[in-house]
Amino acid sequence: MTKPTADVTSSALPPDPGRETAALTAAACLFHGFSDRSRLALVQHLASGEHRVVDLVRRLGLAQSTVSQHLACLVDCGIARSRPQGRASVYSLAHPEATMALLASAEQVLALTGDAVTLCGTYGVDAAPAGPAHERPVVEDDVDGHAR
């Protein structure tokens, strides 16, 4: 008869506050990447396939500079990617299945809460304009220095 071995899975290890903080920081940055209506609209359009900036500008009715800025953010966050095509760049989702699953989960939470977040005094539709405390997630290490 063999002697049972000890469980050495990660759940058996003591929590690592540094690792937990890093994971929470990464999650906050990821969700902040989705925190703008224009970026969400871009993600939804990219879910249907590759698009050039000029096509996204036409579809969304946004300025070219706005679309380019939000696409750069999505690329920096690892949500989108680009590839050259002639003199233009073509953008697509980096991980379409996972991104769409995340957005579907968000829609499910919104449905379960009755869209209560729209009433939130901090982030809801009638909230005061975002100030410095609301522009970025609270993070300890933000090495790239750009607003997501």
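Predicted model: local features only at pLDDT ≥ 70, side-chain atom pairs only at ≥ 80, totals over all residues.

Residues are numbered from 1 along each chain as its sequence is written, and side-chain values use heavy atoms, with hydrogens and water left out.

**The whole chain**

- The protein chain has six helices and three strands, where helices (H or I, at least four residues) and strands (E, at least two) are DSSP runs numbered from the N terminus.
- Along the sequence these elements follow the order α-α-β-α-α-β-β-α-α.
- Of the 148 residues in the protein chain, 22% are buried, a term that means under 20% relative accessible area with a 1.4 Å probe, protein chains only.

**Helix H2 against helix H4**

- The axes of H2 (residues 37-46) and H4 (residues 64-76), which are lines fitted to C-alpha atoms over the stretch in contact, come within 10 Å and cross at roughly 75 degrees.
- H2 is therefore roughly perpendicular to H4, a label used for angles of 65 to 115 degrees.
- Contact means heavy atoms within 4.5 Å, and the residues that make this one include Leu42 and Val43 of H2 and Val67 and Leu71 of H4.

**Helix H3 against helix H4**

- H3 (residues 53-60) packs on H4 at an angle of about 115 degrees, with the axes 9 Å apart.
- Val53, Leu56 and Val57 of H3 meet Gln64, Val67, Ser68 and Leu71 of H4.

Technical notes: Buried < 20%, exposed > 50% of the residue type's maximum accessible area, 1.4 Å probe, protein only. Axes fitted to C-alpha atoms, helices over the stretch in contact; angles between N-to-C directions. Parallel < 35°, antiparallel > 145°, perpendicular 65-115°, else oblique.
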